[in-house]
Amino acid sequence: MSPIGKLSGSTLAAWLSDLEVDRLERVLAARPDAVSPPEPRSFGELADRLQRPASVAPVLTGLALPHLQVAEALAASGPVPCAALADLVDVTGTESARGLGAALEALADRALVWTDGEGLLRMAAPLPQAWDSPLGLDAPLTRLLADTTSEELRRMLVALGIPSPGTTKKHRLTALLEHHSDPERVAAVIASAPSSTRNLLERRASHRGEQAQSQAHFLMFRTPPADSEPSVRWALERGLLVRDRHSGYGSTRMPAEVALALRGAGWRAPFEPVPPVVRTVSVTSAEVDREAAAAATAFAAHAASVLATCSAAPPVLLKSGGVGARELSRISKAAQCDDIVVRLVLETAYDAGLLARDGGQVAATDGYDTWAEREPAEQLTALLHAWRTLPLTPTQARGEDGKALPALAGTPPRGGCPQAREGLLAAAAQLPADRGVHSPAELGPLVAWHRPLAEQLPQDTTPFATTIREAELLGVVARGALSPIGAALRTDHAEALAAACERLLPTATRAARFGADLTAVVTGTPSARLAALLDTVADKEVGGTASVWRFSPTTVRRALDTGRTADALAADLSAVAVGALPQSLSYLINDSARTHGRVRITPAACVIHGEEPALLAELVTHRKLAALGLRLLAPTVLVSRTPLDKTLATLRAAGYAPVAERADGTVRVEKTRRRRAAAPVPPPPPLPGQRRRSVPTVTPVTAGLSTLAARLRAAPPILPAPDPFGTGVPYGTDTEEIVAGCAKNLAYSDVRQLAHAIDADTAITVEYVAASGNRTVRTLSELVLDPPYLYAWCHLRDDERVFTLSRIHGVMPG
């Protein structure tokens, strides 16, 4: 029996109080965002948290397509019996009935839907607000006519030819509702309408979102739509359309009963309980394991190279934040891997705590040193855990406007990004055994079915192409099927994931094969010690499943510069060699050591020279001059570690009479320059016709505290209260709705502040990210909305500027 049938109680709190402990744990597991921190709470407080709007939105992103379709149908129809819901979504076969039961069970597990004592399916209060017009239907007639007067209802009844049952508003509204609830009677009225009105009503009933588009058109251009008069008047007189009294622009809305009657008795809400059919091919588990092992091994080796490069030379951050294209190219070239791999490694390593921002750089942490000493399987496991929960898509290289994005840019977290990976794991897990998709692109429709609200990137040519490519690079998906690594990652079981990685990935290689062509070849992932030794004495040419280093006189000299001797270097290489070192490599090391250090460079702040060797020898041995750090290079040449002026003063204080020379060897003549104060420069006179800008002055406040308190108490509010769902209306004004649709990076409180500033013509301060990636704070006034742009006077530039709403990341009072 479906859990829906077991639910009782008329409210969510009553239902929760009747739940068993194990079922309550299932609800909390499905909605981990609803209760935080995880401490014991009362059922009343738990019910209150589960019904808050903020707790519903994250849950919706984790629902599959049939779950969302059933929830939308319930939001459109209101509390209905399960049989009525099944009729609305056209559940006729066994498979669709089973899909409806599974959808209701999934919604019940998340405390979104339950059955009351009368057998009606009820929803959590914030859930219907997730859709502006569920199923393309507006509000029911009861809600739309709530503010209609009794006289207006009487005129509607007269136009419909219905005798008025009484003189009160309640009786007249009941009669009108009874008439409009009968689809046949509504169809008969519409059949007698003028052709223009009939076409208008049929178009409004069959096209989703047309009403919102017409309202936006009217809002932007301040002109009534083409179908306003007289077609609309006939429908308004009969209650087939209702004038919206709250919009302020006279727009019309179609009651849900009228729209359903126009769609006909055969119309059903969309319901897809079965995932889309994709082409599959036969693939064995051995083939999947082999390809997954190769991909995972290559990624582990690349990750070690990328992080070793970042450890040796930390990438520099851009002024606007993030690692730019130049640094990514440098790391990619040094680690011998593609840009997409570098981005994936940087983002996952940063989330895993292996990298951290250090001033203007991204440097390795102490955790990296521990990570580098581990086996490749353990290294990959740490990065896989980070990838699964990343609140962004790590390899996203382009923004919505097509501009290049830096890595580690600190973009705001998006819940749809982890859900895309969850949908991919779920889609691949549902494939038949020993079958894989014909091409990786065909996984996209399956991901969209499992997670329709998951984040899709503008750069993807096919649905979720970037996420699928990341899974292939990590060995999560191989040959179009879920690998053992992906199966363990889907269960979120740490021990199972570690075991799968350990089974597929080889251990770190601790030996290298040295060739007579002055190369060293390492198959698999080299150990940290081996890679550090070879990086010191050779240049890496190839990375991946097999790495190649090449020796040259320059690389050997680089190793000798670290203080190693030729014998010590040869001994270290022999310790990691498979067999004896080639004779050519031994000759290269000895020849480089023979010429190493023949020319030496000594640091010196200044040079002292003279014609009397005895005098210079006296300076070296003078006890009062020991602090200068004098050193005899030749009988007539000394070097000093102290700068020239200080050395000159010290020698003169000791009784000597030195003179200073310029860089060209001539004697420097010392002259004392008298110090004078600079006269103040008067400001330039204003140009003809130009007014001198006044300097703002600060007026001291002399009023007492009681006077100031009275002023503050009497001052009118200048900002709207940030409570969007207090009245049950998603947006307070049309401006808020338009701003929220374009500025997707803003929280709702910021949307309300920006919309209020536009409507009230007040100044506002915004955090803006330019196309170059620079993040600035601007104070704007004289705001003019022209979606998706905002025209305003920028106080920073002292000029009129155009701002893209999607680039506004924060709003503060002006």
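A residue counts as buried when its relative accessible area is under 20%, as exposed when that area is over 50%, and as partly exposed in between (1.4 Å probe, protein chains only). The legends below describe a predicted model, in which local features need pLDDT of at least 70, side-chain atom pairs count only at pLDDT 80 or more, and totals for chains, interfaces and linings use all residues. Residues are numbered from 1 along each chain as its sequence is written, and side-chain values use heavy atoms, with hydrogens and water left out.

**View 1. An aromatic pair formed by Phe514 and Phe551.** Rings of Phe, Tyr and Trp (its six-membered ring) pair if their centres lie within 6.5 Å; planes under 30 degrees apart count as stacked, over 60 as edge-to-face and the rest as tilted. By this rule there are three aromatic pairs. In the pair shown, the centres of Phe514 and Phe551 are 5.9 Å apart and the planes make 40 degrees, so the pair is tilted. Phe514 belongs to strand E12 (residues 513-514), while Phe551 lies in the loop between strand E15 (546-550) and helix H27 (553-561), 37 residues apart. Helices (H or I, at least four residues) and strands (E, at least two) are DSSP runs, numbered from the N terminus. Phe551 is buried, because its relative accessible area is 3%; Phe514 also counts as buried, at 13%.

**View 2. The open sheet of E16, E18 and E17.** Two strands pair if DSSP finds at least two bridges between them. The three strands follow the order E16-E18-E17, with antiparallel pairing. Strand E16 (606-609) and strand E17 (631-634) are at the edges with a single partner strand each, so one side of each has no neighbour in the sheet. From one strand to the next, the twist averages 30 degrees. E17 is joined to strand E18 (residues 637-640) by three bridges, and Leu632 stands opposite Leu638 in E18. Helix H30 (residues 613-621) packs on this sheet and touches E16, E17 and E18, where contact means heavy atoms within 4.5 Å. The direction of H30 makes about 25 degrees with that of E18; axes are lines fitted to C-alpha atoms, for helices over the stretch in contact, and angles run from 0 to 180 degrees between N-to-C directions.

**View 3. The hairpin of E21 and E22.** Strand E21 (residues 789-794) and strand E22 (residues 799-804) run antiparallel and are joined by six bridges. Tyr791 has Val802 in E22 as its bridge partner. Four residues lie between the strands, and Asp798 takes a positive phi near 55 degrees.
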